[in-house]
Structure formats: C-alpha cells, structure tokens
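Okay, let's get the model up on the screen.

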Amino acid sequence: MVTFFKPEQTFLTGSKTLSREYYLSLEIFAGEIEQIFTRSWFCAGHVSRIPSAGDYFVLDAYAESIIILRDQNREIRAFYNVCRHRGTHMCEEAEGKFSKTIQCPYHAWTYSLDGKLIGAPLMKDVADFNKDEYPLHAVNLHVWQGFIFLNLSKSPEPFKHAFEPLLNKFEGWNLPILKSARRILYDVKANWKFIFQNYNECYHCPPVHPQLAKISPSNSGENDLIAGPFIGGFMSIEGAGSLTLSGNVCAAPVGELAEEDHQRVYYYSCSPNLLLSLHPDYVMFHTIWPQSPTQSIVHCEWLFHPDSFGRADFHPEDGIEFWDITNRQDWHMCELSQLGVSSRAYQPGPYSPREALPAAFDNYYLQIMNK
Amino acid sequence: MVTFFKPEQTFLTGSKTLSREYYLSLEIFAGEIEQIFTRSWFCAGHVSRIPSAGDYFVLDAYAESIIILRDQNREIRAFYNVCRHRGTHMCEEAEGKFSKTIQCPYHAWTYSLDGKLIGAPLMKDVADFNKDEYPLHAVNLHVWQGFIFLNLSKSPEPFKHAFEPLLNKFEGWNLPILKSARRILYDVKANWKFIFQNYNECYHCPPVHPQLAKISPSNSGENDLIAGPFIGGFMSIEGAGSLTLSGNVCAAPVGELAEEDHQRVYYYSCSPNLLLSLHPDYVMFHTIWPQSPTQSIVHCEWLFHPDSFGRADFHPEDGIEFWDITNRQDWHMCELSQLGVSSRAYQPGPYSPREALPAAFDNYYLQIMNK
Amino acid sequence: MVTFFKPEQTFLTGSKTLSREYYLSLEIFAGEIEQIFTRSWFCAGHVSRIPSAGDYFVLDAYAESIIILRDQNREIRAFYNVCRHRGTHMCEEAEGKFSKTIQCPYHAWTYSLDGKLIGAPLMKDVADFNKDEYPLHAVNLHVWQGFIFLNLSKSPEPFKHAFEPLLNKFEGWNLPILKSARRILYDVKANWKFIFQNYNECYHCPPVHPQLAKISPSNSGENDLIAGPFIGGFMSIEGAGSLTLSGNVCAAPVGELAEEDHQRVYYYSCSPNLLLSLHPDYVMFHTIWPQSPTQSIVHCEWLFHPDSFGRADFHPEDGIEFWDITNRQDWHMCELSQLGVSSRAYQPGPYSPREALPAAFDNYYLQIMNK
C-alpha cells in the first residue's frame, strides 16, 4: 500500500536553496563527476534503440565515449570506445550495426562483439603477447525494466541494492516492451541540478506552463517517494485524456493500468541522471548529461506501446510536441537561474511549501557530496 | 584659476610601460576586479537613457547583471537582476519599461520599483517568512552631472569625496540635460588599460588618425589634471568648427561656453571606466567594461543639447562618424599592443615626453593595485 | 656506408605507448614548450619563400609572432614582431615585402631590416635615451640546406652540434635551390606527438592508405637512424615512378640521385618539428606547430627543382594531391587517437614490431622531458 503526501506535508520549514558555488565551481563539478556520476548506476537509454544483434549506439557520458551494443547472442553489452593497441576511438558514428566484429580503423585490430581481441596483425611475433589479455574494456551494465544502466566504478554497488525502492514499482506500464517514437537532444546552458530541481516542483507551472497547468492543476500533486535518490509521485489530469496538445489520448494505453492511473501522470527523478514520466498512453524519459558547471545536455525520449504503431488513432506528435514546448519553457527557466546565481549578490533563498521535493533533492545531494 | 601644462612639462624621464603580466595574467585581472572595479564608483550611463517612470536598462558590469530604472517617483535606482527566491534572472531584455512592478518569470515573485517584495505566492504559510526581509539587492548609486555612477562595495567611499577634483569642473557644458543621439558598442580584443593609455596621449595621432591630426594638432594639448584617478586637459581645434567629418559644427553649442572653449576639446579619463570628451557642440563619453585580461567591451555614446534635436542644422552623424572611424583606429592599435606584449621578448619600453599621461595612469594604477 | 635495418630488427619487445597524461595535461604541454620547443632548433620554412631583399613572412611559433625577412644585403634574419616602444605588433600580414624599413603603425618607430632602431619621433629630448639600445629583439637563426632554423633560447646549442647526424646526409637532393609549388595548412585536433608517431610507422598503411600501400608496400621500409632526435629511413616505390595520383613522376628529378634512390622515398622525422620526405621528383616537408595538448597546426610544403617549373611535363598537383589525401587520412587517425586516449579506461598498449620508430620517438621524448 503506497502512502501519498501533499508536498506541503513533507516540507521542512526554513529550507533554502543551495549556495552559489554549487552552480559555478569547477572543483565542485569535478567532485560531482568523481563522487556521484562515476560511482552511480546511470541510465544510458532504452533497449528499443538496439533491437537486433549487431545494433549499437555510442553514448557520450561524463567525458567517456561508450559503445552499447547487442551481441551475436542478443545480449546487451557496453565497452569503452578505446582500442587496446594505441587507444584509438573505433566507432565514429552515433549509431549503426556491426557485422559480427568491431575493427579499429587505425591498425585493423579486431574484436568480437563480446569484446574479445580476435585479430592483431603482426603481433604474433611479439614474445609474451597474448590476445586474451587485451579484450575491450567492458562497462558494468544492468538492464532494468527495459532501461540500460551503466556504472563506471571498478566495484559498483549491486544494481538491485541501489534501485531497491523502484524495483517492482512500474510493472503495470510494460516498460520493457515499449518502443521509441522520437528522441530529442537539448543543449541547456545551466547546471544539471537546476534541471532536477525544476522537474521536482510544479510551483512554477502557472507562470511558466499555462497550457500544462490548465489540464494538470499545479496543486494536484501527491508524492510517495519523498527523500533519497528517488523522489516523486503523481499529478492529476483534469478535463483532458492525457498531456497532449489536443487534450486527447494519443496512443493505446501503455499497460493494463488501474482506473485512477488513467487520470494521473507519475513523475520520478532518479539520481543521478534519469527523469521518468509515466502517462496513461506514453512514457517520457529524460537523461541529463552534465558538460560543465554551466552546461548540460538533455536527451528526451518518448516510448509507446508497440501495438500503437501503425494504428489510425496513433498520434505520437500530439504528446511529443506538448512536452517539447514544455521542456523548452523549463530549460529557459533553468538558464535564467544559472545566470542569476552567478551574481555575487545571490544568497540562498527560501523554498516554498510546494518545493518540498527540490529541497529533498538538495539534501540528498549534499549528503552524497559530504560523504 | 586652472593651470595647464604641456605634457613634456610633467613627464618623468625614464618612465617605462607596464610589464607583461599586467596584460595577460588571470590572477592580476581577478585582482583588478577585486581591488579596483568592485570598490570604485563607475559610470553606468547617462540619465537620458531612462527619461520616464518605469524606464529601465540592464547593465552587464564586472560579471554582474544590474537593472537600472526610474521608479514611480522618478527616482533612479539600481538592483541586482536576481530574484530573492531562487536567484533567477528577472529581466532578459537590454532595456524596456516596467508597468509598476518587476515580476520574476519563474515563480512570479513580484517587486515594486523601489525593490520591495510585494508578492510571493503560497509563502504566507511558511512560519517566520517575512516579505520585508526579501527586497531586491540594491546597488549603491549616485547621479552626478547627469551620469549614473554605481558602486558594488558594501561600504563605498562617499561619491563626493572620490570625485572631489571633478565635482564642479564641467558646469558650463549642461551635462545633466543633454540627450543621447547614438550609442555604439565595440568588442575590443585588448586589455582595458591599453584603452586608457591610448586615450591619454596624442603621440599616436599623426600615424593613426591623419584626419584628426589635421584639425586638432597632436602637439596642441595642455593638461591640468596630471596625476591620480582623473587626468586630462584640452587639445585645440584648428581650421575647423569641431571634430566632424565635414569640419563644421554639427549641432547647437552644448552650453554657454567661454570663447576659447569653442576651439577646444577637453579630454578626461576618469578611473576606473569613464572617458569624457567635451566638444563645443557635443559630448562623447566612453565606458570601458573589462571582460578578461585580453578583451574589453566599450560603450561609446554621443550627447547633444536637447534644443538641437529637430533643427535643420543638426547633423549628429557628422560628429558620430568622425569618432566612430577614430575609435576603430584606436581599438586596432590596442589590439596590436595586446598581441605584442604577449611575447616572451616584450620588455617595458620607454615612454616619450608626449606620453606623460599614460605614464601617470600607470603610476596611479600600480599604486591602487599595490595598496 | 649507411646501415639499414628492418623495423623488426630494432624493436624492443615490450614497448608500450605513452600514458594518458602526455596527451592531455596542460602542465606537461607547458613543460614541452619550456624544455623542448623553446630550447631546440626548429624549422621555420624554406628560403624559397623569401627570394628577394625585403621579402618577409610572419611565423606563429609557440605563442610567438616572428618576422623572418631577407635584408638589404640578402641576408636572412628573424625578429620578434614586437616594437621596442610599447610592445605593439608591427606586421599584420602573413607575408609581404618591406621597402627598406619596418615601421610600427602605432607611433611610427622605425627599424632598418637588420633590426636597428633608426627613427623614434620626439625621443631625442629624453636624457639617456639612446636608439642603439633599442634594436628589435633578434631570434637565433641558422640556414641549413635551404631550411631556416630558429632557436628561442638565450644560449642555444650550436646548430652544427645539434644537427650533426644530418649535416651532410641529403646533399644529392639539391635542397638549397629547390622551389616551392604549394603550401597547405592543416588544423589537426590532436597532440603533436600523435603526428610524429603516425609519421614513423607504416603498420597503419594498409587499413588507412590503400592507395599508398599499393605503390609503396608497407613492409618495404628499412631505417638507418633508429634512435635520438632524428629517426627514419626509406620505403620502396614499386610498380610506379613516384608517389603521385597517376603513379608517374610529376617533375624533373630533384638532384643527381643514385639509381636506387629513384625507387625510394626517404622519410626522416627531425625533432622537434620537422618531417622531411624526399622523393625522386619532389621534396615534401611538414612543420608541426603545437597549439594545445589537443590541437596542432601542420604546414605541409612541396618543393621541386627550379628547372621543372614551366616545363610541359611538370605536374606538381599529381604529387601534391596524392599527399594531401594521405595527410588527411593520417590527421583523422591522429584525431581518433586523441579522442581515445582521453578515456579514463585508456592504458598504454603494446607496440608491434613494425612500430620500432614510434617507440624510439617516445623514448627520446621521455629522455628529454625527464632531464
């Protein structure tokens, strides 16, 4: 039995925003990469991006280039995009299909799709050289509910331990079988934390998102996860079928949802890089990629039930465009916040009771950073 | 009674240019921001830019964004462009008109034009929250002779003490009532000190400004302020009515000038950021905005007597274009100097007797920096 | 009698590539500038670029701008592009012709082409000022075999000592009298050492340069200089007259070559910045200009016998285009290597026996850096 709270119920009076250096300092940014991003399980994307054996995409994550592929046995694997000979990048395209091997373009060293070195011209004459010692560097990988998670640590916390609060939470939504209709990349001139804070409150909805606020009242939210790495809850859909430009549902239901879930959108922010938004007729997810203290790349992708594709009542753009507009409104506010906190005059300001979750996000962040 | 000197009379033999690090070092640049720019009264512009209640412009100064406005009582005020809630930038336009309030676009916190917080949605439920404690952060401001001066220090030196040598110096020129005909922004790839040094000597005029040197001989200058934050004097206009492309005066006299002042241009450099050039028929002023050790933004604005506007003999472009050409010639020399001093081979070189004022500028600069 | 070795014969088993920081660290890059580039004789270009008195070009080298000219006595000289007065850059064009003097554009200080200060307006009134004390700063210069070498050190090693292994090596190729037909500049997003490593092996030729590998087999190389600042040897031309798109020779022989040299290309990498490639019918040379740990500018120039110019069988583009294509293939591999070694997963990898010279280059580099 899930317990929900209005944000006001969980708000700690006196909560204030983070101080200025957390949005500007190169040292703190380096500390975040070290203490958060290269130690945590982060979301790399959804399995529907590489449906067949040999399919791959290349992910730029925390200054690393990572090849994510489906091998000959249809197993999903991830490798650093670094040849073991002279360190050369092997894949240049953002995505594609391998025909059984990965070959480095420089000196033609060749690897099987499970990462083994199977060809190294003229190396047989080198005493003590053993191909088995030079596989591609693998990246820790775990697929959960169709989402591919990676961990760059040498001894990662077990995924199931880290994600325990979410493990069986979304089973009604058919996440593993959904298919992507669209992916949009945004270049946001703001610190990644502004994006999390923005996602976690609807206090800004009336001034920033008049369209959204009309069909999903900003005071309708209730949260069940209210502290720690995963926080969120739902908001109501009122006077509309879903969050779309037309107000109508735009696809078949993603799953066999409880009746109340047809009038709800569930929003969960999952540290360190995933925002998961479950609508009755589609699932939207954002992954956030910090580039510097003042810049973040955001991937946004929309997933639908595979049966929806090709049907006459499938209008994915109706939901995609609704959120593309809303996303851009949000990034703009994040960018204005970045500009403002760079002032010497900025001081932490008071959160309102509707900002219980941003305050909880900040608390968890500080707890990790001060470990 | 003002005493004037030829530059040669005040030249200290053996004066040499500054050493290389003053034009290149990020540490020295940070020291300048700290010891000079955020402690001194600097010029933000002229009151004619915001004639009516509600008018505002946004100034980018030393990495701060500052809103300068005329409030409902026609009083000029300056505020940091930072909402007290989450630090968001509130004004995005370079200039405009407020209708009675400033509202933050993110969560709609609202301020009156004198900076008071008058609206903060849903904050009434927060115990201990008092709107009176969250006014906009004000910037110290003083209007002198129509020029708006700001000071970012917490305990600024009184303006009248800092500007004592200039206080009553320019009363004949009607500075408070002049009106602007044009403002041009220049992006100069040079250290800000090169711009001051360039302004303070006409040794370069024959090779760099043949047009100017013809109607204002480079050896005609005499200076009355020869040391400290304010230095300058006049040069003669010969064989022309004013400094214009045509050689004719281009507007009504700016004030009731002494007869000799109709054949003179007065040039004063006012640390840390103002260059004030008083012609018989117009006043030109530059404000200098250091961006990095190797880049400066320069605003140049031309002011005329309000009675000139609309008259048949009003040809402001005749003076504006004359100086736009001359400005660009100067910036080019500043940029070549920046390139040159970056060489490991550069050594401080000998100033000539015509460069008494650049040497005095350097001396005052070093005195402030070594305090 | 020159002794040649197959690369395999000089390969030290167990050689590995350099570690990651050598390609990324700003500190190491600064150390390279200090310990290598500003202490060594580096190649600035070929004398054929400034054939007549007054001809000059401006070289950007290791953050210095250097004027290289032929003076009134046809002697080649080099000066820092820095006026002795206020440090201003004097020459803005990349190349041109002086009419007897160099004049600074800012205050018209004037120098003869041998660097003497011969004009300094109004300085005669300064006690103790002596023009003889303010010549242009000269750069150490030595012309060897038509190539102009510079050294930025205050007490450079004698050129003939530093270049002893090469001094009389290339006399058959008429290097001092050759004329340039083309110069191409490349902007390579890679560390300069990748370019040297790439030049010094043909293990990459089959996958990267199919055209080249066809007429100059990748296993045909033999080297005579196998350690130290100068390394290289020859590769054979087979089934073609020279390295050209058509496979035909494209110009008259550059010199009276031994019969075997008509079927050979000699390749020598000369630390710190020259790659010298001697073909029967043309000489190509690269000079490498490090800009940052991750960027290098490369100049490539093609020299021909002066008698070739104007002849019906002179087709310089046939050789130039062949190498322009090959150059770009190489830079691309260097750029992929730069991307790859930036990964935290990169570890030094094993060189193959065909990479004896890159291993020797790395060894010499480390020896100089660890001095």
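Let me start with a question: is B:Leu122 buried, exposed or partly exposed? It's partly exposed, with 15 other C-beta atoms within 10 Å. For the cut-offs, buried is 20 or more other C-beta atoms within 10 Å of the residue's own, exposed is 12 or fewer, and partly exposed is in between, with C-beta atoms placed from the backbone.

Quick caveats: this is a predicted model, where local features need pLDDT of at least 70, side-chain atom pairs count only at pLDDT 80 or more, and totals for chains, interfaces and linings use all residues. Residues are numbered from 1 along each chain as its sequence is written, and chains are lettered from A and ligands numbered from 1 in the order in which they are written.

Back to B:Leu122: phi is about 70°, positive although this isn't a glycine. You'll find B:Leu122 in the loop between strand 8 (117–119) and strand 9 (140–144) of chain B. Strands here are DSSP runs of E, at least two residues, numbered from the N terminus. Over in chain A, A:Leu122 has a positive phi too, near 70°.

Next, the cis peptides. A:Ser271 and A:Pro272 are joined by one, omega about 5°, and A:Pro272 sits in the loop between strand 14 (264–270) and strand 15 (274–278) of chain A. In chain B, the bond from B:Ser271 to B:Pro272 is cis as well, omega near 5°.

Finally, symmetry. Chain A lands on chain B by a rotation of 120° with 0.0 Å of shift along the axis, RMSD 0.0 Å. So the two copies are related as by a three-fold rotation axis. That superposition is least squares on C-alpha atoms of residues with pLDDT of at least 70 in both copies. In chain A, the residue closest to the axis is A:Leu26, its C-alpha at 9.1 Å.

Definitions and conventions: Helix = DSSP H or I, 4+ residues; strand = E, 2+ residues; numbered from the N terminus.
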